[in-house]
Protein chains: 2
Amino acid sequence: MLKKSFVVNGVNQTVIVDPEASLADVIRKQLHLTGTKVSCNDGHCGACSVVLDGKLMLACLVKMSKVKDGASILTVEGIGTPEKMHPIQVAFAVYGAAQCGFCTPGMVVSAYALLTSNPNPSREEVRAWLTKHHNACRCTGYKPIVDGIMEAAKVMRGEMKLEDLQYKLPADGKIWGGKYPRPTATAKVTGTLDYGQDLGLKMPANTLQLALVQAKVSHANILSIDTSEAEKMPGVFKVVTHKDVKGKNRITGLITFPSNKGDGWDRPILCDTKVFQYGDAIAIVCAETSEQARAAADKVKVELEELPAYMSAPAAAADDAIEIHPGTPNVYFEQKVVKGPDTKPIMESAPYVVSDSFYLQRQPHLTIESDMGFAYYDEQGRLTIHSKSIGLYLHLYMIAPGLGVEPDKLRLVQNPSGGTFGYKFSPTMEALLGAACIATQRPVYLEYDYQQYMQYTGKRSPFWLDIKMAADKDGKLLAMEHDYLVDHGPYSEFGDLLTLRGAQYIGAGYNIPSIRGRGRTVATNHAWGSAFRAYGSPQSFLASESLMDELAEKIGMDPLEIRYINAYRPGSTTPTGQDPEVYSLPEMLEKLRPLYKEAKEKAKRESTPENKKGVGVTIGIYGCGLDGVDGSEADVELTANGVTVYNTWQDHGQGADMGTLGTAHEALRVLGIKPDQIKLDMNDTGTAPNSGPSGGSRSQVMTGNAIKNGCEQLVAAMTKKDGTFRTYDEMVKEGIPTKYHGKWTASMNSNCDENGQGKPFAIYMYGAFLAEVSVNTKTGKTTVEGFTAMADIGKINNKLVVDGQMYGGIAQGIGLALSEDFEDIQKHSTMLGAGIPYAKDIPDKFDIYYFENARENGPFGAAGVGELPLTSPHVAIVNAIYNATGVRIRHLPAYPEKVLAGLKEMKPA
Amino acid sequence: MLKKSFVVNGVNQTVIVDPEASLADVIRKQLHLTGTKVSCNDGHCGACSVVLDGKLMLACLVKMSKVKDGASILTVEGIGTPEKMHPIQVAFAVYGAAQCGFCTPGMVVSAYALLTSNPNPSREEVRAWLTKHHNACRCTGYKPIVDGIMEAAKVMRGEMKLEDLQYKLPADGKIWGGKYPRPTATAKVTGTLDYGQDLGLKMPANTLQLALVQAKVSHANILSIDTSEAEKMPGVFKVVTHKDVKGKNRITGLITFPSNKGDGWDRPILCDTKVFQYGDAIAIVCAETSEQARAAADKVKVELEELPAYMSAPAAAADDAIEIHPGTPNVYFEQKVVKGPDTKPIMESAPYVVSDSFYLQRQPHLTIESDMGFAYYDEQGRLTIHSKSIGLYLHLYMIAPGLGVEPDKLRLVQNPSGGTFGYKFSPTMEALLGAACIATQRPVYLEYDYQQYMQYTGKRSPFWLDIKMAADKDGKLLAMEHDYLVDHGPYSEFGDLLTLRGAQYIGAGYNIPSIRGRGRTVATNHAWGSAFRAYGSPQSFLASESLMDELAEKIGMDPLEIRYINAYRPGSTTPTGQDPEVYSLPEMLEKLRPLYKEAKEKAKRESTPENKKGVGVTIGIYGCGLDGVDGSEADVELTANGVTVYNTWQDHGQGADMGTLGTAHEALRVLGIKPDQIKLDMNDTGTAPNSGPSGGSRSQVMTGNAIKNGCEQLVAAMTKKDGTFRTYDEMVKEGIPTKYHGKWTASMNSNCDENGQGKPFAIYMYGAFLAEVSVNTKTGKTTVEGFTAMADIGKINNKLVVDGQMYGGIAQGIGLALSEDFEDIQKHSTMLGAGIPYAKDIPDKFDIYYFENARENGPFGAAGVGELPLTSPHVAIVNAIYNATGVRIRHLPAYPEKVLAGLKEMKPA
């Protein structure tokens, strides 16, 4: 141990440290400054950025033996506090630079280090700095961060007053449609918001630290599990195995279509008979410290009989493959599409027919934060599990039978979460936490390191797609056929639903009178499929939006124009036979047309043999909601000081707090209430009603309507005969209830039938994307130099939130197009390895245009937003690569070597 | 467990808590806000004061189940930070209101709560508030705190600018003799100084938490120790007993006089054959959490054969008492005094002879902080022990053989300490920490709760004294005889030295030509004797300064006048036959005379039958240093940025940091150096040389001289021929050493011989005390209404520090006189039970007058200060009680019931 003295944020500190400990760990776990976040622990993410002796450093890479005695350390806590924010922090808040907020403290520190060394940087210098220092953000697409830093610099240079930077409530008091900074912004920019890992450090002393014993193979029979040696290790309280799990020891997928050949009980909490994928949990070591738990986990002996591992849908679907779940075929679900007349004769007779095959990869969510949670018994004896769940009530029912706990004795709470983007639509560690808490009867805490998080949480399921389209001589679509396999990994949860998404989105946006297709869900031994932003649509659009370009080329039409003539107009129907609720696409494409032309000309002008430039365009569509009759609940209560809104609008980082506040404030504005009088009590099944999961861009619509409904009930109850409002005291005095249960249901919807036909969503989002790329023909590397999006997401609740969603979703599309994958379980289990985009990878020329067509069924006309930007931006890039080089990438991502291979193939021709 | 959300210092916090946990523990151990201190854990001390929902609360008494969801909590961290201090914090710093600083955060919070509810309080209102809210301070005597609060209030009311409150460096840059706030002041007033308990919370995760198995009887043979059940308890790593101690398992007293009948090896580290006093440590449970360690400690089974417990010196000295340490008589040391001609004939012939018997009680130190420490192996493999030790090198050699560690493999470090006042001159837990660290090879942390601290740390040793004095017809002293027993508890360390103090201080201040006396050291089974401010002199002066009043009365002289005529003047010698180095007492008494007269008249005027008022006067004297040839070392190093001073001037809270800085700055001032360029590297035997223990007011003299010497060597080395100074770079370039070893030795001293004669100290401090009391004749309660002190402590280094020492020492004298004791092991083991004085118990009329007679052997003329104020202030109070009521209290403390009993005895007469 070393006795180290240094000055942290101006305070002298002496602390006894392991010389091998990282500065980040010492700052967080010994100095208890939890503003500094740690995730990758490998220098990839920048969340742990601190200034050490005047130099910006990644604290996770600095060993304590290298920190000089007397060193000066600056963390986010030393830059500003909630009551005295630094201009950088103010700018981050008002420019929406903090979404999930997990990278934010590191970003703020990095920006501080930049602006104290270079007070007047250009935007490019800011972007280069963030890139150089590995400050990764997965939410914002970097643009709001760069904007914020540029504005903060003005204040720091004395060119702008801090007051002029700060948000000001408009005179009419209305925040709906404006740029009110999200309620958690201050906490996020000051590092005072406690995420799961921070709450973990603040647990009671009797909390056990958990470590998993995990499979290091992808498919095996379990012969024996021997915990005896581990039980004897220092600090070990108990080693929990499947034998300790009181219930069915299975997580149920719940929503299982009748035609599904599985029963949904395929996912073990702790493996008992088989290992189904790499990383599967076999035992949980519960010890006093995490180091002890990890050391003991290595001592658990597991005897396995290894089985053939099926690492892709085609492999698992092959005739000779054994059943991964004995008794259930690996191809366990099929979704047909039958719309309009038979396609066969049309395909035979149409003037233009094109077909192709595509593969969209296993995209990793790459949240900056990994996965962690904790469990304990609450004061009512309820097993209470805190996690990053974005489906609290959903998960409650998914894990209760497996744990053997009655649902009313189970309580789920979402911790502030450093990004999910959908992976937390699946339970990850919830049931493990529950099992360990039940077995030990002590509070328990579990944290996955980044590798564990990558290897043992769900991923976007790859689709293998064959697609064929027919058009008439004018380019009007006549028919479409498709056949796709969904690699859903070993666990079936929502696999059927995902397969249905293909039926809904392949070819969406265009009026296609005849469709025949089928999708099949395949169990494999690769990472299980979980939700991911725009769930099912990036796969679908890769096929149809690529093929539309191929069709246009065949016909000799411009890619934009073929889209324009086929886009939904009155009379069109979706692939599921539904009438669109609005028709935004033509106006979007009209708006896009001049920008597209200009981009094409620029590309042509700037192209060189070494750097070929090109332009690609796509449209994207996504429904808001769960399929069919979806609904939500929210409670609204008048209090002495204002109004409290209770809901489970879970937050990925997208801004559920702002969504709730903006909607509630608009609904309550007649009362003259101020935003800060509205208190949010969210994401705890112990206190808030079931608002449904936060996925499928449903929350603003469903929960927004429920909030509005609750608020309207309250306002009605408060309204006196003369039109004025009762005060809280008057309500109490008159015995009028102060709490109202808001509810809303999309009863106009219907589920899709066995032919994929129905009205699954009341509201859709519509968009169009324009990508401008440059391809280096020597390296094959593609750079996105500009990106423009058109978006109709209905009326906008909060501009900062929707901008953030759009920029961030498109940035994930850029990663999807060019760099991201989780194919190699080892190589792709780090942030860098899995291809996370840094600031340099996302263009600074990045524009969003909104078309605020009010939705009849949306609260105050709003639709959702989150999925839209990741429907098809990657295909716009793929199309642009083709436009630039003539190389069509069918198997994503478009790694440089693939582009290079394509270029080489072309040369002989 | 409860999920609680509240707002702490403006930050939203959610934390999972045990409903039975205290708010203080949650704030410190879960929210990691260590500015809030916890010590008594019983609502007695106020260190944990916080504002909860607008109300000042003792956080240790608030259970989490009672904290409302959404509550607002303000801790010291929320009031101000080092970089943005609140006016209260600035005022505390510049008024010297923070000495050890442990009560300070609570005081600051309390003051904040007061001034936000009452912006313009009177001094009495401030004192009443602090009393009501149990804000105890053991260092300052409250006056500097009240001063600070009154000034802060002016700033808060806008009547004074904050800048006008702040310290300003004088134009000549000189801080010696001024009011420079001590270097740790900012950290103390902002709650950012980490004490042992805070550092304990910042230890590495693999640190074991220790709990002691302690004796619940005072004297017993140990038959067996069974740890088997405890070893099986959750989280237990090891239970350490005497069998695990590698060395002699004894702490040696080191300084043992040849005539001592013991060998100094009487104190076990962990009891093996016997229990010697209540609380003795029998085993150490080492577990992952402190709760687990405590739970397992209850499971260790110790079989005892109880023996007669000797709880006082007379009981243990009785003929029929068995030997506490078999082989060593209970009366194990005797110190004679033989000065001048035989006293016997003088006593027979003198015109005035008086004699009486006195008892001074077992005064507890009542530091606000309890005792805690930790140990680990450093990077050089040295067993490193952090504690509150005020004798780092001393303790190193006292514990090394017992632990079986070579001294060069042992390193001792002092943590910032919340007061010691001498109890840490003894090792407390150092050897226990070392034994546990050796046995487990892991870092270990041990903390005593307040009861353990009271019961298992040393106390001031009671003296039982018989004294006789003779005077001539004019009141001139002719002779003195005394005989006293020292109850030193079971452990001999420094017991002989303490006994010698009686020879040095009984009758000190007066020229007494003939003295015969003896003191005997007795081993008992009550709390072992440790150092306590003014070590040995409060006992001595209780006898001689009480008897001087009795003599004056017999002669019919005024108590002040008899002191005046007998006080040291040229030609006088001390009881040890030494010539005083200065003669301050006559001038002090002259200065005191009009104040004394005025006080007497006031008392007479205001006395009523119910509240009798009176005045008492005493003189006090104390030597600066260890007996005989004492010395110290300090290193001084030129660095690129300034100068670093290395020493082990350990800090009780007295201001070792300021002592070092003030002395070094004065010695280096020729260089034009600023105070903040002088860095202090203190109190670590791994980095700093042996400055000797911090006791006996020796440090300013001994270490001050060593610092001065080191600085002078550096300045000489830096001086160029032209009288200008080399820079650091020039020194390095010229190859001139930059680090100098300062050293100083008081070689003019000599130890006292077997007759108590010698020149033990080069420098003495001189003082006179005037107490004004009011005695309620119905309740017997004495209130000190005014206190005046005259002090010659040589030239003053820092005015804030010496004021603080004087006020605080006298306040401890008031407690000693009226309320403090540690006799009843249970009842007296809490702060309240042991009689700590609160603000209401210390007068606001409290004046100090300095007589800055330069000392030839003091650095820049300085003497020490810390012991002087506790030499005899209690006797001034006892004399004042007599003056008021005619009741003489001979057995301290002067509890109301004793005064009442005295009043009742008088009535028949």
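**Exercise 1.** Determine which parts of the chain are linked by the salt bridge between K388(B) and E369(B), and whether the two residues are buried or exposed.

*Solution.* Step 1: a salt bridge requires a side-chain nitrogen of Lys or Arg within 4 Å of a carboxyl oxygen of Asp or Glu. Helices (H or I, at least four residues) and strands (E, at least two) are DSSP runs, numbered from the N terminus. Step 3: both K388(B) and E369(B) are buried, where buried means under 20% relative accessible area, exposed over 50% and partly exposed in between (1.4 Å probe, protein chains only).

The model is predicted: local features need pLDDT of at least 70 and side-chain atom pairs count only at pLDDT 80 or more, whereas totals for chains, interfaces and linings use all residues. Residues are numbered from 1 along each chain as its sequence is written, chains are lettered from A in the order in which they are written, and side-chain values use heavy atoms, without hydrogens and water.

**Exercise 2.** Locate D792(B) and R855(B), and state why their salt bridge ties together separate parts of chain B.

*Solution.* Step 2: D792(B) belongs to strand β29 (residues 782–792) and R855(B) to the loop between β30 and α25 (873–885), so the pair joins parts that are 63 residues apart in sequence. Step 3: D792(B) is buried at 0% relative accessible area, and R855(B) also counts as buried, at 3%.

**Exercise 3.** Describe the contact of chain B with chain A.

*Solution.* Step 1: 44 residues from chain B and 44 residues from chain A take part, contact meaning heavy atoms within 4.5 Å. Step 2: the buried area, that is, the accessible area (1.4 Å probe) that two parts lose on being put together, summed over both, is about 3300 Å², with 59% from carbon and sulfur atoms. M1(B), K3(B) and K202(B) supply 20% of the area that chain B buries against chain A, more than any other three residues. Step 3: across the interface there are 2 salt bridges. D684(B) and K3(A) form a salt bridge at 2.5 Å, N to O. A network of salt bridges links K3(A), D378(B), R382(B), R411(B) and D684(B).

**Exercise 4.** Identify the buried residues of α11(B), and explain why they lie on the same side of the helix.

*Solution.* Step 1: the buried residues are S290(B), Q292(B), A293(B), A296(B) and A297(B). Step 2: they cover an arc of only 160 degrees around the axis, and therefore sit on the same side of α11(B); the arc is that of the directions from the helix axis to the C-beta atoms. Step 3: an α-helix has 3.6 residues a turn, so residues three or four places apart point the same way. Step 4: the cover over the buried residues of α11(B) includes β6 (208–214), α10 (228–231), β8 (236–240) and β12 (281–287) of chain B.
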